[in-house]
2 protein chains.
Amino acid sequence: MNPKPSYSIIDFPEWKKLKKHAGIINREENHLKYLIGEKGRMENFSLKGAGIFYDYSRQRVNAGTMKLLFKLAENRGVTKQFKSMTDGEIVNNTENRAALHTASRSFSADPVFVNRKNIMPEMFLVRKKIKEFTSKIHSGEIRGSTGKVFKHIVVIGIGGSYLGPEFVAAALKHLAIKKMQIHFLSNVDIHNFGEIAASIDPESTIWIVISKSYTTSETAANTNQAYEFMKQKRLDPAKHFVTVTSKGSPGDDPSNPVIASFHMFDFIGGRYSVTSAVGGVPLSLYLGYDVFERFLKGAEEMDMHAIQAPPEKNLPLVAALISVWNNNFLHYPAQAVIPYASPLSKLAPHIQQLNMESNGKSVNKYGDALGISAGIIIFGEPGTNAQHSFFQLAHQGRPFPVDFIGVIKPSYDQYKFKSKGVTNHQELCANLIAQPAALACGKDDANGAKRFEGNRPSSTILLNDLSPENIGRLLSFYEAKTVYEAFIWGINPFDQFGVELGKSLASGIRKKIAEKNKNPEYSFEDADPITKFYLEKLF
Amino acid sequence: MNPKPSYSIIDFPEWKKLKKHAGIINREENHLKYLIGEKGRMENFSLKGAGIFYDYSRQRVNAGTMKLLFKLAENRGVTKQFKSMTDGEIVNNTENRAALHTASRSFSADPVFVNRKNIMPEMFLVRKKIKEFTSKIHSGEIRGSTGKVFKHIVVIGIGGSYLGPEFVAAALKHLAIKKMQIHFLSNVDIHNFGEIAASIDPESTIWIVISKSYTTSETAANTNQAYEFMKQKRLDPAKHFVTVTSKGSPGDDPSNPVIASFHMFDFIGGRYSVTSAVGGVPLSLYLGYDVFERFLKGAEEMDMHAIQAPPEKNLPLVAALISVWNNNFLHYPAQAVIPYASPLSKLAPHIQQLNMESNGKSVNKYGDALGISAGIIIFGEPGTNAQHSFFQLAHQGRPFPVDFIGVIKPSYDQYKFKSKGVTNHQELCANLIAQPAALACGKDDANGAKRFEGNRPSSTILLNDLSPENIGRLLSFYEAKTVYEAFIWGINPFDQFGVELGKSLASGIRKKIAEKNKNPEYSFEDADPITKFYLEKLF
């Protein structure tokens, strides 16, 4: 009897087989300390693609696990879905939009159609405009209202308009154009504004306002505050502001003059937008357009890999399958991202948004309950810092899978002084090698306090160096992994309705505060008791 | 029949009752949207103590839950244990040490005995020494080797020698002494060193090396690198280095001259040490000794509250009980710390270490298996940033409890421009009010993608402002909460054996790399296949 095909992933035969299979992997004989000793383990459970090395030999999987996972992916048709996404199909069905972050870094001559219109010319045009603009800023052709060359870049944006650009700026800081400084004004908290205002020279400051709708409350409030600040310094905002926004938004309105306006598109979501003008404008000003383009080319290379590589050789797909396995079958609710490279300190916050906002859903793309947990908690700090912080829990408390990320060649190779016979970079790498082994193998001890159970899974990702290309590849790897996870679960990773309720409640509260500002006699009577308490306490 | 008393918390009668009680709380009728509507909810489920307001009205508890939790705490004798800790008893039994972070901020004339010796004179002496030293640095009496006044403070330390001082420095940055800059060199990653080296003026730089044993690999490697750097600049390290370390450690050796050496003690663990010389030296140089002392006084005030307040009025104890309830009975594996204040951006990383390293254990203090999960995953970013990042998961995906933290008066009150009728600070507060309500109440919708289940628990903590006292109170609140949790579970929150295995494996790997550095013919043959692969790949 052939069961009727169901859209729900938990009804797939492989899903049921995987549940049973998890029981086998949970047996003592399949403890990682035994699995990693198997002949050819490293060769069979590691991949290289698009310049990145991905080792999952210390994940709690065997050949049988992978076979079932690949079968699941095949039956779900995830590679076809991925291709459809890059071809411009309406994969963001709940918002009736395409999801074309891949187009924003494509250098291909092939057209990509959205609603029968080839969008590629527009993609190229935005890049060309960024390149020309950057060159004029760096040459001093465009200057501030008092004639000073721009040195301070302040990016006003929140969420996807902030975390991606911040991650890349930090990762590539070693390539920053001399004397250029970048600041991120994301939080509506006045402390964020106050601190930046105190550290810039307003005359040599260029503000980049990034907002698709140009109506995001936090960004609007910060933009207004910045306008006011510049006006009080008797500087003409029109000569100090740039916008990155949708065509025809209030930020793209000629009656509100700015130095330049760059377009973003509804088919690229905030958390996937760092390769669009969202990252392009600030990163090109900070690092140079050529560096930004190299970053795009790295991302494009990984995109091609994610589309073309067969499932068994496909880094982001394999990583996505392991993520689903760890989440739904081994029941780990969280995952740490631990780069052994301080410049990647903003990777975890970016992936936190990318993954948790994309996949933190409880319904499939048709709005039906999933019946399983999709998203997990992503967190992380650079190693070895993390070892001296929360790794106690990883080793002896509640286990969580880890992505270890290593960089073979450091950006500062002039510092070679050795301690205990090794350079600092070698000391760092020794720890990168030791931690996954310690987590996997554990160590017995008669004293319970000194016992390590081991069997803690991890992956290890290696980059050759912190080149713009590698940062692009790493970014695209995590984006594709996130999307592949979603396609396996059958959810829409491109909407974020979960942020709406808080926004609408905040809007109601804002109105009450505004009333009170106008009329000190205004009473908060009609609010619920707890809200009323806070309104009275805070205002 | 009276069962024999057991040390194991899961054998306590209240534990069993709480398990049963959780079934009642999980019923639809006890959804938070109903609980918060109960008369007097806010009054009955909020507390004020030591200047901090703590509201747990949106936690999934009722009067019955709290009654059982208080009974559990009483039977466990946690307030007595807490008092014993502050009295100098050997509460860190696995390492045979007292745990006296509270003494480091005590201004009381009462003695505190450790092994029959009153330690308070030494506590006061360290503070006096810090005060005098700070004054000489700020007045220019002590200068660098070329006569320049010190302007750059570089703190070399990792884990507890880094996260606490960084948190406080960021929180109180608005009070920093003009022109003083602070940098944290924690990671052994040469990128961390390289970036700091590129941004300081070596002649006006004072390096503060913080290490209890003075043998921590990362700190030693960074110190050596910094010495070499200064020597290459022809600057005398003896006139640019300060140490904070144990009496008699290699960092306290007169044959290795430094400007000054300050002592730390084995009865104060790294993650509890920010109120000792560990925080005292860098924070006094950065903020002034008077600010540091105000910070200590705030911490002391909360310590007294944690010791003296009856359980029902005791903020950290109530918070600890709720944490245990959420973890072990409602089964939330993680908790977010979300300060609606950018200067508190380093609070979550600090609490992450404090709590996860203290309580990430699987055995009780006698080494017996706990049978339950103690530690949880702590993570967080400032709001509203977090709303635009990972709150999608909080609202519609995997739920996790949240500590919301608000600040009534911002430090920058000169920026009062209004958007939509409210100041930026008011906009921030509107969101602080809206989020817990949205999480608790949820919202129904026929469209599954727009449905919010609600029933997501949170607490709200309010500080009047970001004064040094309030930062001290907040720090002590989280320390006491962490310790109270541990005392309930019966674990030792002061050891961290879980970090040892990785260290010892890294040490073995380091030796191999050092061999290879000496002898390029050296072969990594005797390593296991995976380690060998990485050694060959990386070196």
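Author: Helix α9(A) lies across β5, β6 and β7 of chain A and runs at about 145 degrees to β5(A). Here axes are lines fitted to C-alpha atoms, for helices over the stretch in contact, and angles run from 0 to 180 degrees between N-to-C directions. Helices (H or I, at least four residues) and strands (E, at least two) are DSSP runs, numbered from the N terminus. Two residues are in contact if their C-beta atoms, placed from the backbone, lie within 7 Å.

This is a predicted model, in which local features need pLDDT of at least 70 and side-chain atom pairs count only at pLDDT 80 or more, whereas totals for chains, interfaces and linings use all residues. Residues are numbered from 1 along each chain as its sequence is written, and chains are lettered from A and ligands numbered from 1 in the order in which they are written.

Helix α9 of chain A covers residues 217-232. Its 16 residues should span 22 Å at 1.5 Å a residue, and its end C-alpha atoms are 22 Å apart, which agrees; the expected span is 1.5 Å times one less than the number of residues. Just after α9(A), Arg234(A) adopts a positive phi of about 60 degrees.

The buried residues of α9(A) include Ala220(A), Ala221(A), Gln225(A), Ala226(A), Phe229(A) and Met230(A). A residue is buried if 20 or more other C-beta atoms lie within 10 Å of its own, exposed if 12 or fewer, and partly exposed in between, with C-beta atoms placed from the backbone. Within chain A, the buried residues of α9(A) pack against β5 (152-156), β6 (181-185), α8 (190-199) and β7 (205-210). In chain B, they pack against β13 (418-419) and α15 (424-441).

In chain A, 5 strands form an open sheet in the order β6-β5-β7-β8-β9, with parallel pairing; two strands pair if DSSP finds at least two bridges between them. β6 and β9 (260-264) of chain A stand at the edges with a single partner strand each, so one side of each is left without a neighbour in the sheet. Neighbouring strands of this sheet are turned by 20 degrees against each other on average, direction ignored. β5(A) and β6(A) run parallel and are joined by 5 bridges, and Ile156(A) stands opposite Leu185(A) in β6(A).

Val155(A) and Ile208(A) are among the residues that touch the most other members of the largest nonpolar core, which holds 332 residues. A nonpolar core is a set of buried Ala, Val, Leu, Ile, Met, Phe, Trp, Tyr and Cys residues joined through C-beta atoms within 7 Å.

In the domain assignment of chain A, domain 1 is 9-90 + 309-495, domain 2 is 101-294 and domain 3 is 498-538; these bounds come from an automatic or database domain assignment. The centres of domain 2 and domain 3 of chain A, taken over C-alpha atoms, are separated by 33 Å.
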